[in-house]
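Q: Hey, can you walk me through a structure? I'd like to ask about strands and then charged pairs.

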Amino acid sequence: MNEIKLSSKAQLLYHLREKQGAPVSGSILARDMGISRVAVWKAVQSLLESGYLIETNDNGYLLEPENEKDFLYPWEFGEKENLFYHYYNTGSTMDRARELAVRGIEKAVISAEKQSAGRGRYGRTWVSRQGGLFFSILEKPKLTIADYSLMSLVIQIAVVKSLTSICGKQAYLRWPNDIYINRRKIAGITTEICGEADLISWFTGGIGVNVNNKAPSAKAISCEEVLGKPISRKAVLDKILEEIEIVKKSLNANAVYTQGNRTLANEWNQMADCIGAKAAVFEPQYKNDNITNNPKNILARGIFAGIDPAGRCILKTKEKGELYFNHGSVSLAFIIT
């Protein structure tokens, strides 16, 4: 097995943090990192330019824990740093993920402090406020195009589990891709695939979480508001990525299916808070998808009965019985009483 080589910045952060606020001399760092003192100095300068507060004195270099900032740079992730790409400002992390896929990259995590063109479903704008967590994952799952929704379900379940654990309040799913706490939206997910023949060539999942940012409306909420204090975005990202791998492994989500995944659907349904609620399925419009103002867009009204193993919305209607809708073409509005 090839030994994973950490960047000098990742090594430096590890050694400085290991001392828990005590200074470390350049010579000791050079010895432990296996590089020259000049290389250590260059690594320190690079971190300073990236916003880290490293104090230099006669005893060496000092990184005080209380002065640490909430960074999402690749070198913050240790041995996994080669998987990470971080931007201060970019159009959309989904666009960057697609570019990596075209280059032949098979697995990556792309994050950004700001997005000038963040998007949700149907090209809607995703408001990227400072302090939020905005990232995309790129994978090449062994799935047929017919089962493309399974990776989306994996991510949704993982995000719900993560936010429930982090916030100490139960998070819930709403079809097709939103996550709520206290009936206020805390996260959203969008997905994109590229396929060849009947197999998925690559999959990207974009995830936006209100962490420490001000919620964009009264209908939204953030982790900070739930907890009453700020929380590390890196901790949220780490937890979500960890849960994604757990859900994939436990549900064998990388296998090739032909009829969806019943176990995955059952778990999704257990995390949904609107099963049994009155709902309307409608075709959204780009400028205005308010069903009250666009009654002609409504395709069906009924009772939301959860999802089937393929991730399709099940709507029980009086006129036509059970109807099934794919989330790629319609949206669902709940009438919550």
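Q: Which residue in β12 is the bridge partner of isoleucine 303?
A: That's lysine 316. Keep in mind that this is a predicted model.

Q: How do β11 and β12 run, and how many bridges join them?
A: They run antiparallel, with 3 bridges joining them. The two strands form a hairpin with 5 residues between them, and glycine 311 in the turn has a positive phi of about 85 degrees.

Q: OK, and what about β12 and β13, how many bridges there?
A: 5 bridges, and that pair is antiparallel too. A hairpin through 3 residues connects them, and cysteine 313 sits opposite phenylalanine 325 in β13.

Q: Why is β12 largely enclosed by the rest of the structure?
A: Because 4 of its 5 residues are buried.

Q: Switching to charges: how many salt bridges does a search of the whole structure find?
A: It finds 19.

Q: Which residue does glutamate 113 form a salt bridge with?
A: Arginine 233, with the closest N and O atoms 3.2 Å apart. Glutamate 113 is in strand β4 and arginine 233 in helix α7, so the pair ties together parts 120 residues apart in sequence.

Q: Is arginine 233 buried or exposed?
A: Buried, with a relative accessible area of 4%. Glutamate 113 counts as buried as well, at 11%.

Q: And what does lysine 234 pair with?
A: Its side chain meets that of aspartate 238 in a salt bridge, 2.7 Å from N to O.

Notes:
Residues numbered from 1 in each chain as written. Predicted model: local features only at pLDDT ≥ 70, side-chain atom pairs only at ≥ 80, totals over all residues. Heavy atoms only, no water. Buried < 20%, exposed > 50% of the residue type's maximum accessible area, 1.4 Å probe, protein only. Pairing = 2+ DSSP bridges. Salt bridge = Lys/Arg side-chain N within 4 Å of Asp/Glu carboxyl O.
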